[in-house]
Amino acid sequence: MKQIIFGMGNEAITEGALAAGARFYAGYPITPSSEIAELSSIRLPRLGGMYVQMEDEIGSIAAIIGASVAGVKSYTATSGPGFSLMQENLGVAVMGEIPCVIINVQRSGPSTGLATKPAQGDVMQAQWGTHGDHGIIALSPSSVQECYDLTVRAFNLAERYRTPVILLADEIVGHMREGYQIRELLPHDIIDRKKPTCPPRDYQPYDFSGEEDEIAPLAPYGSEYITRINGSGHDESGDACGRPDNAAKFNSHYLNKFRINQKDIIETKSFDLDDAEYAIITFGCSVRSSKAALKLARQKGIKAGLLQLVTIWPFPKEQVREVCSRVKGVVVPEMNLGQILGEVSKTNPGQIPIVGVNRVDGQMITPYEILARLEEVAK
Amino acid sequence: MNYMDYLKTQKFPLFWCGGCGNGAVLGAIVRSFAALDYTLENTVVVTGIGCWGKADDYLTTNSFHGTHGRALAFATGIKLANPKLRVIALMGDGDGVTIGGNHFIHAARRNVDVTAILVNNFNYGMTGGQYSGTTPENSLTSTSRYGHIEAGFDICKLAEAAGAPFVARTATDNPPAMEKLISEGLDKKGFSFIEVIAPCPTHFGRNNGMRQAAELMQWVKDKSVSVAKAKTMSPEELHDKLIMGKLVDVDGEDYGSKYLRVIASASSGNEE
């Protein structure tokens with residue numbers, strides 16, 4: 001039976017996490033993500049899982065990383081200031097190749113910013129906030145239904161690719177209420193990390209040779225395998241290793257594994273793009289005003305289309321390039337000063353105008369602002 | 001198991017300086033593992049960053065080598081997710097109670113069932129001997145060339161005040177006592193904390209007129225008083241002294257055990 005629930009984005013995120021099999025949450029309360037903590041604290045113990053409120057966000061992400069290596073799917077939720085604190089250990093999850101999900105319900109920044117106001121300003125931070133070269137996965141929901149679906153997907157991608165996955169939500173989708181469906185997940189809808197099958201003495205937690213997807217199996221602590229996790233430069237066994245060839249191999253791997261598997265990771269949605277002469281490229285809450293703008297534009301005779309970036313990182317270069325190659329102009333609405341606009345521009349051969357619609361006043365971009373920009377571009 | 005089975009002897013010699021106390025602490029830990037029948041599969045050693053944070057390089061157990069100061073936060077997640085694991089956090093003084101002080105007090109307060117073994121050599125050895133949160137006032141370090149003007153932490157008092165049910169201080173000059181306290185701490189249910197005073201002749205010693213480890217160990221000996229003797233001394237007499245031995249050993253239900261009740265309440269719909 002398909003049950004439609006009227007609920008909040010943050011609730012749908014929690015439901016998605018539980019449906020995906022997450023059973024451990026560690027976090028620190030912060031607006032506008034706190035409903036995820038509250039609901040998790042109620043729901044997790046009913047499922048035999050655990051909620052721990054840590055002393056700060058540094059400890060929160062550390063605890064979920066630890067719990068994940070102990071074999072339990074784990075997540076945390078936060079917003080800008082907390083996400084900033086998490087950057088240090090986000091790097092541990094990157095280099096240690098630990099599956100985990102970090103939900104960032106974005107709010108206006110920098111610093112404490114406007115604590116209750118929405119923004120989409122953490123796009124670059126999600127990719128580059130932790131130091132060093134590396135890839136990451138970030139998904140951005142634009143509706144309550146997507147909050148549920150993409151949270152499930154975030155866990156699946158985290159498990160499949162042994163990586164932290166960031167659900168880049170925002171205050172608008174997090175606090176918005178609308179109908180959504182808790183989709184029934186069949187066993188094949190849930191992905192668990194690859195487990196080793198070799199004899200225990202041969203197990204090396206970072207040996208991805210012979211793995212087509214470059215992902216090494218990960219044994220949980222307490223199994224018959226010895227698992228050595230290392231956030232310092234390490235070799236296949238997990239032992240510290242400073243050899244230049246080894247460092248080059250692994251530091252490249254932290255990016256390559258996303259490149260190799262990008263077809264599976266990258267998701268975009270297209271609306272009215274088939275005959276479009278102008279395109280809106282956007283993500284998250286800005287998709288909503290963009291859809292309304294699209295309708296208005298079509299009514300006015302502007303053949304507009306919309307490319308929604310569901311996956312933000314790795315950036316959907318091919319999909320964006322393809323759209324840019326066949327339209328006369330692109331508008332990129334986002335609640336920041338042009339973070340996605342820069343990425344879109346990079347893919348553009350340079351012949352067409354690519355312009356932003358940007359707000360950083362804590363107010364949602366309206367359809368009319370986007371329409372006005374489309375009209376300018378189409379002039 | 002023999003204590004040597006816990007050691008990656010192929011990684012020897014230890015990378016620590018001559019006269020460093022870390023090797024002696026590592027020896028006491030693996031002998032305790034053997035005495036308590038720890039298995040490699042069910043033991044997780046979590047390390048921070050710094051000289052002592054390299055200890056996992058020499059161990060054959062499961063390991064987690066994370067970030068500076070965060071060992072106890074990682075250890076918290078590991079232990080709570082799988083209570084059957086024996087989880088040991090190895091931290092230095094800069095690591096465990098300077099950058100990591102917040103995690104330290106809250107892990108103690110929360111009473112997570114992990115054992116924290118903190119090697120205190122009174123300075124940041126790995127980065128060249130700068131002052132840490134435990135550096136004694138007036139001592140010289142590479143960043144306090146005019147004499148250190150901050151008071152150093154009494155870490156054991158901190159652990160006790162935060163609610164740790166087991167707190168002990170020991171030093172590398174007395175290996176049997178060190179091993180006994182480490183074993184007791186490992187065997188204790190709940191958050192157990194052992195501070196081991198260890199010499200760093202390369203930096204702290206050299207900067208303070210004690211180039212030889214023996215001189216540093218004598219300095220520690222001179223500052224040391226037993227728990228029994230300390231009871232007969234005034235606060236003034238105890239100033240700058242290190243009280244050695246078991247300082248706290250009380251019973252208290254650990255976080256994981258308490259959480260089982262949360263699970264039971266939640267499952268029977270008893271929330272609110």
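Predicted model: local features only at pLDDT ≥ 70, side-chain atom pairs only at ≥ 80, totals over all residues.
**Entry 1: domains of chain A**

Domain 1 covers 4-189, and domain 2 covers 267-378. I then took the distance between their C-alpha centres, which is 26 Å. Next I looked up the contact between the two. Domain 1 of chain A puts in 24 residues, and domain 2 of chain A puts in 21 residues.

Which elements of chain A supply at least two residues each to the side of domain 1 that touches domain 2? I found β6 (114-118), α5 (123-128), β7 (137-139), β8 (164-170) and α7 (171-175) of chain A. Of these, α5(A) gives the most, with four residues. I also sorted this side of domain 1 by class. It has 15 nonpolar, seven polar and two charged residues.

**Entry 2: chain B overall**

I moved on to chain B. I noted eleven helices and ten strands in its secondary structure. The C-alpha trace spans about 65 × 50 × 35 Å along the principal axes of chain B.

I checked the radius of gyration against the globule rule. A compact globule of 272 residues would come out near 19 Å, and chain B has 19 Å, so the two agree.

I then looked at burial. Of the 272 residues in chain B, 53% are buried; here buried means 20 or more other C-beta atoms within 10 Å of the residue's own. I also looked at sequence separation in the contacts of chain B. Among those with a separation of 6 or more, 65% join residues 24 or more positions apart.

**Entry 3: where chain B meets chain A**

I turned to the contact between the chains. Chain B contributes 32 residues and chain A contributes 39 residues. On the chain B side, the elements giving two or more residues are β2 (62-65), α2 (71-81), α4 (101-110) and α11 (255-267). The largest share comes from α2(B), with eight residues. By class, I listed 14 nonpolar, 13 polar and five charged residues on this side of chain B.

In which sense do β10 (residues 228-230) of chain A and β2(B) pair? The pairing is parallel, over three bridges. For one residue pair I looked up Ile229(A). Its bridge partner in β2(B) is Phe64(B).

**Entry 4: strand β8 of chain B**

Six of its six residues are buried. I checked each face of β8(B) in turn. On one side, Ser192(B), Ile194(B) and Val196(B) are buried. On the other, Phe193(B), Glu195(B) and Ile197(B) are buried too.

One is β4 (residues 115-120) of chain B, which pairs with β8(B) in the parallel sense over six bridges. In that pairing, Leu118(B) has Glu195(B) as its bridge partner. Another is β7 (residues 166-171) of chain B, again parallel to β8(B) and over six bridges. Here Val167(B) is bridged to Phe193(B).

Terms used
Residues numbered from 1 in each chain as written. Chains lettered and ligands numbered in written order. Domains from an automatic or database assignment. Contact = placed C-beta atoms within 7 Å. Nonpolar A, V, L, I, M, F, W, Y, C, P; charged D, E, K, R; others polar. Rg over C-alpha atoms; globule rule 2.2 N^0.38 Å. Buried ≥ 20, exposed ≤ 12 C-beta atoms within 10 Å, placed from the backbone. Pairing = 2+ DSSP bridges.
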